[in-house]
Amino acid sequence: MAALNTRVDAMTLRFGLLGGSLPHTLSPQIHNTLFDARMLNAIYLSFPVTADVLPSAMEVLRQNFSGFNVTIPYKEAVLPYLDELSELASACGAVNTIVVGERGDLVGHNTDGEGLLSALTEAFLPSSDAEVLLLGAGGTARVAAHMLLGRGCSLTLAVRTPEKGEALREALAAHQKDGGRRIRVTRIEDLPYEEDRYDLLVNTTPVGMYPHGDTSPVPEGVVARCEGVFDAVYNPPETQLMSLANALDIKCAGGFGMLFHQAVEAQRLWFGKAPQAKVLRELRRDLATLV
Ligand code: NAP
């Protein structure tokens, strides 16, 4: 790889990740590896900022950057600074990717949904009438629910806080022609129900994430009722939930694919086209070893 002092110059396009605390983020490695593979004169850095400087950080990014990602805790907080929102970002009320236009206008997108669908396509895309058990009611659950409902799936939202589950159900129902008949809410601790079977379980809670890798959001009895398991958690690469699925011979996938594909989708938005599929397959395999 070329040394930084020859690779980075006055024309280098700047991209970055705006978030709170970012010591473990893999986004710089993923994006810079993609830039190198595409031979783009671009660089990606992480920008942890405190909430009090968010307004000035947004102005600096607007004036100096071509695009950036946004992560916890600013996915909703950046909305007032944006000039335009994609349909999904608007429906979800959250943004993870911003494109800076030539005149400094900021367009917000949410690429987590595409990331999830691409990762599921690689692993086991649920059929359009699948029954999905979705764990969690936070930002990732909201995006996942929009994408899965958009495919025609039915959802059981299994949540820790019933009021949050109900609020999510109502917000999702407002975008559904059938008024949300395909969405029901239950308490995660009440699972499993004897009669229930699911085509897919999607975990969007942080349960099982490093350094709490020995915990699962649901017990074996729930996993056994599912045909496939997708865990949005990507560190560790095999979560306790995935271990339970593997032991039961149930197909499963972890969150690294989603992380990788949301980054690829962000680059498609920034540059107008995605890297070639063959390049992506190789990079994805190499980058997975980072986790
Ligand atoms: P979030 O907005 O904070 O939502 C987390 C949800 O999990 C909330 O509904 C919360 O319940 C629930 N929860 C937390 N602890 C729980 C527990 N012990 N039992 C049951 N439910 C619990 O977080 P997020 O942004 O959606 O992120 C969630 C996870 O997805 C994180 O691990 C993140 O790393 C991962 N993620 C992965 C990718 C990827 O590309 N692979 C992308 C985005 C996020 P309450 O509603 O009761 O608070």
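A: Glu-265 counts as buried because its relative accessibility is 15%, where buried means under 20% relative accessible area, exposed over 50% and partly exposed in between (1.4 Å probe, protein chains only). The model is a predicted one, in which local features need pLDDT of at least 70 and side-chain atom pairs count only at pLDDT 80 or more, while totals for chains, interfaces and linings use all residues. Residues are numbered from 1 along each chain as its sequence is written, and side-chain values use heavy atoms, with hydrogens and water left out.

Glu-265 belongs to helix 10; helices (H or I, at least four residues) and strands (E, at least two) are DSSP runs numbered from the N terminus. Apart from neighbours within four places in sequence, Glu-265 is in contact with Thr-111 and Glu-114, contact meaning heavy atoms within 4.5 Å. Glu-163, by comparison, is 102 residues away in sequence and 33 Å away in space, C-alpha to C-alpha.

Helix 10 spans residues 256-271 and lies across strand 1, strand 2, strand 3, strand 5 and strand 6, at about 15° to strand 5. Angles run from 0 to 180 degrees between N-to-C directions, and axes are lines fitted to C-alpha atoms, for helices over the stretch in contact.

An open sheet of six strands has the order 2-1-3-5-6-4 and mixed pairing; two strands pair if DSSP finds at least two bridges between them. Strand 2 (42-48) and strand 4 (84-85) are its edge strands, each pairing on one side only. Strand 1 (residues 13-19) runs parallel to strand 3, with four bridges between them, and Leu-17 has Asn-69 of strand 3 as its bridge partner. Strand 3 (residues 67-70) is antiparallel to strand 5 and is joined to strand 5 by three bridges; Phe-68 stands opposite Ile-98 there. Strand 5 also pairs with strand 6 (residues 106-109), in the antiparallel sense and over four bridges, where Thr-97 faces His-109. Five residues lie between the strands of this hairpin, and Gly-104 has a positive phi near 85°.

In a regular strand the side chains alternate between the two faces of the sheet. Strand 5 (residues 97-100) is covered on both faces, with Thr-97 and Val-99 buried on one side and Ile-98 and Val-100 buried on the other.

Leu-54, Ala-57, Met-58 and Leu-61 are the buried residues of helix 3 (residues 54-64). Viewed down the axis of helix 3, they fall within an arc of 100°, so they line one face of the helix; the arc is that of the directions from the helix axis to the C-beta atoms. Strand 1, strand 3, strand 5 and strand 6 are among the elements covering the buried residues of helix 3.

Helix 2 (residues 27-37) packs against helix 11 (residues 277-288) at about 145°, and the two axes are 11 Å apart. From helix 2, Gln-29, Ile-30, Thr-33, Leu-34 and Ala-37 meet Val-279, Leu-280, Leu-283 and Leu-287 of helix 11. Seven residues of this contact are nonpolar, two are polar and none is charged, with Ala, Val, Leu, Ile, Met, Phe, Trp, Tyr, Cys and Pro counted as nonpolar, Asp, Glu, Lys and Arg as charged, and the others, Gly among them, as polar.

Met-39 has a positive phi, near 55°, though it is not glycine, and at 76% relative accessibility it counts as exposed.

A further open sheet has six strands in the order 9-8-7-10-11-12, with parallel pairing. Strand 9 (183-187) and strand 12 (251-253) are at the edges with a single partner strand each, so one side of each has no neighbour in the sheet. The average twist from one strand to the next is 20°.

Two cis peptide bonds remain to be noted. Tyr-210 to Pro-211 is cis with omega near 5°, and Pro-211 is in the loop between strand 10 (200-203) and helix 8 (220-223). Asn-235 to Pro-236 is cis with omega near 10°, and Pro-236 is in the loop between strand 11 (228-231) and helix 9 (240-247).
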